[in-house]
Amino acid sequence: MAETKNPVENTGEKTAYKTTLAKINDIYFPMIVEQLEDNKIEFSQYAKSCTLNAISAINNVLDTQGISWNDEQLDRSTVTQILLSVATLQLNPTASPREVYFQIRNVSVKGADGKQAWKKKIEMGIEGDGFDSLLSRFGRNVKTVQPFWLVREDDDFKYPSFNGLDMTPPQWTPKGKGKVVRVVYPIIYKDNTVNYHIAE
């Protein structure tokens, strides 16, 4: 009969991970709160949640890459700016689908001695529903952002046409085949006019 390990004995690594994450939260979170309050920017409960989720997501990326927060190769100069962006834009890395993601990139930086050296830098990217979230939250006179169209290369698609200010909407017949070649965002404004933003 196979030996069963005591689950309590396996909690050491998990506890250390939580302790590390808690320490990182204690370092960065108060800093973000202070900077936003100093600039008279409201820090809502949702923004706080997004910030804590971002710290956790960055920690997961570092953990996956085998990098610690104290690693000499890690450039931590961008972390505060990234967390401020997440807080003010209210982008949630744990939303489904994700609104924001983080990655590690190797960059060449000039050291104190003037020599070039390689550092690992944390970068933020907005994706998927993050663009919809930004548009609906900060877009001027936007009433509703409709679900976007993923237009594939084999789909039938006709661009909008204009007769002065009168617009004939785009036409799209999905076939479900081929690579995505453009994304169309139908946006309804407060005066009920509809515009179609197309990204190739």
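By class, five nonpolar, four polar and two charged residues form the lining of the largest pocket (Ala, Val, Leu, Ile, Met, Phe, Trp, Tyr, Cys and Pro count as nonpolar, Asp, Glu, Lys and Arg as charged, and the others, Gly among them, as polar). The model is predicted, so local features need pLDDT of at least 70 and side-chain atom pairs count only at pLDDT 80 or more, while totals for chains, interfaces and linings use all residues. Residues are numbered from 1 along each chain as its sequence is written, and side-chain values use heavy atoms, with hydrogens and water left out.

The volume of the largest pocket is about 210 Å³, and of its eleven lining residues the closest to its centre are Thr20, Ile24, Asn59, Ser68 and Trp69. A pocket is an open set of points on a 1 Å grid over the protein atoms alone, where a 1.4 Å probe fits, with protein on both sides within 12 Å along at least five of seven lines, and lining residues have an atom within 4 Å of a point. A volume is the space filled by probe spheres set on the points, which are joined across faces, edges and corners.

Two helices each give two or more residues to this lining, and H1 gives the largest share, four residues. Helices (H or I, at least four residues) are DSSP runs, numbered from the N terminus.

| Helix | Residues |
|---|---|
| H1 | 12–38 |
| H2 | 45–65 |

Leucine 83 lies in helix H3 and counts as buried because its relative accessibility is 1%, where buried means under 20% relative accessible area (1.4 Å probe, protein chains only).

Methods
Buried < 20%, exposed > 50% of the residue type's maximum accessible area, 1.4 Å probe, protein only.
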